[in-house]
Amino acid sequence: MKKETIKKILKIIKKVLNIVIGIFIVLFLLVVCLQRFTDNNLSLFGFRMFTVLTGSMEPKYNVGDVLFSKSIDPNDIKVGDAISYLGETGDVKDKVVTHEVIEIETNENGEKIFHTKGIANIIEDPIIHADQIYGKVIHKSTILSFISKTIRTPVGLIVLIIIPVFYIIGSEMLTGLLSHEEKRRNRE
């Protein structure tokens, strides 16, 4: 192959790599920001994303795992389902909790009342009402869980965020400088 053809292929590969890395970083930061700054009050098409913060659901869900829940009719929730809900009392007040349903009752008003508990916990959670429930856990993302766990370490932050950002910035600067130099040489 000619030298010019190889240069063109390398430029295309570099541009594609920059775009992929850029999209990944933007999407990841967007998801993290939406999750953090909306206090998980934002739902996209009934789906929410949560990061496990404690070991209460180990071994099923570990600290740092990223879970997706889907809004669900409370009548469709069954014993054994993992649900995400907003705590209203006790240690879980104003916290999003993901625990398993261990019992379902109906009160005198016909309202469903849910009893939940973390797999690793001994004590049951305070009573959960249907209006507290964000949804039923439908998926644990292995890739996002890995990224979430990795990015929480100093080395992971450097490898997954800082180095790619500097790579994109540096390669764009270098491309601009080389292009400018090539134009200058062509004028001479």
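Visitor: Setting aside neighbours within four places in sequence, which residues is Thr 116 in contact with?

Guide: Contact means heavy atoms within 4.5 Å. Apart from those sequence neighbours, Thr 116 is in contact with Ile 83, Tyr 85, His 99, Glu 100, Val 101, Ile 102, Glu 124, Asp 125 and Ile 128. This is a predicted model, where local features need pLDDT of at least 70 and side-chain atom pairs count only at pLDDT 80 or more, while totals for chains, interfaces and linings use all residues. Residues are numbered from 1 along each chain as its sequence is written, and side-chain values use heavy atoms, with hydrogens and water left out.

Visitor: Where is Thr 116 found, and is Thr 116 buried or exposed?

Guide: Strands (E, at least two residues) and helices (H or I, at least four) are DSSP runs, numbered from the N terminus. Thr 116 is found in strand E5. For burial, the cut-offs are under 20% relative accessible area for buried and over 50% for exposed, with partly exposed in between (1.4 Å probe, protein chains only). Thr 116 has a relative accessible area of 0%, so it is buried.

Visitor: Which side chain makes a polar contact with that of Thr 116?

Guide: A polar contact is a pair of N or O atoms within 3.5 Å; within protein, one must be able to donate a hydrogen and the other to accept it, and residues adjacent in sequence count only if both atoms are side-chain atoms. The partner of the Thr 116 side chain is the side chain of Asp 125, at 2.6 Å. Elsewhere, a polar contact of 3.3 Å links the side chains of Ser 56 and Thr 54. Ser 56 sits in the loop between E1 and E2, and its relative accessibility is 10%, so Ser 56 counts as buried. Not counting residues up to four places away in sequence, Ser 56 touches His 99, Gly 118, Ile 119, Ala 120 and Asn 121.

Visitor: Which residues make up the largest nonpolar core?

Guide: A nonpolar core is a set of buried Ala, Val, Leu, Ile, Met, Phe, Trp, Tyr and Cys residues joined through side-chain atoms within 4.5 Å. Here the largest one has nine residues: Ile 77, Ile 83, Tyr 85, Val 92, Val 97, Val 101, Phe 114, Ile 128 and Ile 133. Strands E3 (82–86) and E4 (96–106) are the elements that give two or more residues to this core. Another core, of six residues, lies apart from it and includes Met 57, Tyr 61, Leu 67 and Ala 82.

Visitor: In what order do the strands of the sheet run?

Guide: Two strands pair if DSSP finds at least two bridges between them. The open sheet has seven strands in the order E1-E2-E7-E3-E4-E5-E6, paired antiparallel. E1 (47–51) and E6 (128–129) are at the edges with a single partner strand each, so one side of each has no neighbour in the sheet. Helix H2 (residues 142–151) packs on the sheet, touching E1, E2 and strand E7 (133–141), and its direction makes about 90° with that of E7. Such axes are lines fitted to C-alpha atoms, for helices over the stretch in contact, and angles run from 0 to 180 degrees between N-to-C directions. Five bridges join E1 to E2 (residues 66–70), and Met 49 stands opposite Phe 68 in E2. E1 is mostly covered, with four of its five residues buried.

Visitor: How many helices and strands does the protein chain have?

Guide: Three helices and seven strands, running α-β-β-β-β-β-β-β-α-α from the N terminus. Buried residues account for 31% of the 188 residues in the chain.
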